[in-house]
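Here are a few exercises to work through with the coordinates loaded. Try each one yourself before you read the solution.

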Amino acid sequence: MLRRITIDFKRECAELVIIHGYSHKDAATAMKVGLSSIQHLVTQYKKELSGIRPKTYALTPEQLKIHELEKQLKQVQSDNELLKKLQSSSQSK
């Protein structure tokens, strides 16, 4: 059975190294993931902490919030464009 790996799990993996001082190898063993996975997650987490936006999913709460707000902004902009088109077509009749 495949386990579902959540953002929280990935964050916890990175925080073992960054916050709790585990070695990459010990964190990988503790979380039952590959060493390269831990290395990738730690690198991404550190980049996010320094303000670099992730290309895929976010790990830090701040980047998760930014991602959600950007999604909402995009939806509002799309809704506004639709309303403008509807308003202009109704005025031209």
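**Exercise 1.** Work out the handedness with which H1 passes H2, and list the residues that make the contact.

*Solution.* Start with the crossing: in this predicted model, H1 goes past H2 in a right-handed crossing. Next, the geometry: the axes of H1 and helix H2 (residues 24-31) are 8 Å apart, and the packing angle is about 145°. Now pick out the residues. H1 brings Phe-9, Glu-12, Cys-13, Leu-16 and Val-17, while H2 brings His-24, Ala-27 and Met-31. Finally, sort them by type: six are nonpolar, one is polar and one is charged.

**Exercise 2.** How many salt bridges does the structure hold, and which residues form them?

*Solution.* The cut-off to apply is 4 Å between a side-chain nitrogen of Lys or Arg and a carboxyl oxygen of Asp or Glu. The count is two.

- Asp-8 pairs with Arg-11, with the closest N and O atoms 2.9 Å apart. Both sit in helix H1 (residues 7-18), three residues apart, or about one turn of the helix.
- Glu-81 pairs with Lys-84, with 3.8 Å between the closest N and O atoms. These two are also three residues apart, about one helical turn, in helix H4 (residues 61-91).

**Exercise 3.** Are Arg-11, Glu-81 and Glu-15 buried, partly exposed or exposed?

*Solution.* Buried means under 20% relative accessible area and exposed means over 50%, with partly exposed in between. Arg-11 has 14%, so this residue is buried. Glu-81 has 43%, so call this one partly exposed. Glu-15 has 21%, so partly exposed again.

**Exercise 4.** Place Glu-15 in the fold and name its contacts beyond four places in sequence.

*Solution.* Glu-15 belongs to helix H1. With neighbours within four places set aside, Glu-15 is in contact with His-20 and Tyr-45.

Methods
Residues are numbered from 1 along each chain as its sequence is written. This is a predicted model: local features need pLDDT of at least 70, side-chain atom pairs count only at pLDDT 80 or more; totals for chains, interfaces and linings use all residues. Side-chain values use heavy atoms; hydrogens and water are left out. Buried means under 20% relative accessible area, exposed over 50%, partly exposed in between (1.4 Å probe, protein chains only). Contact means heavy atoms within 4.5 Å. Axes are lines fitted to C-alpha atoms, for helices over the stretch in contact, and angles run from 0 to 180 degrees between N-to-C directions. A crossing is left-handed if the near helix is turned anticlockwise from the far one by less than a right angle, and right-handed if clockwise. Ala, Val, Leu, Ile, Met, Phe, Trp, Tyr, Cys and Pro count as nonpolar, Asp, Glu, Lys and Arg as charged, and the others, Gly among them, as polar.
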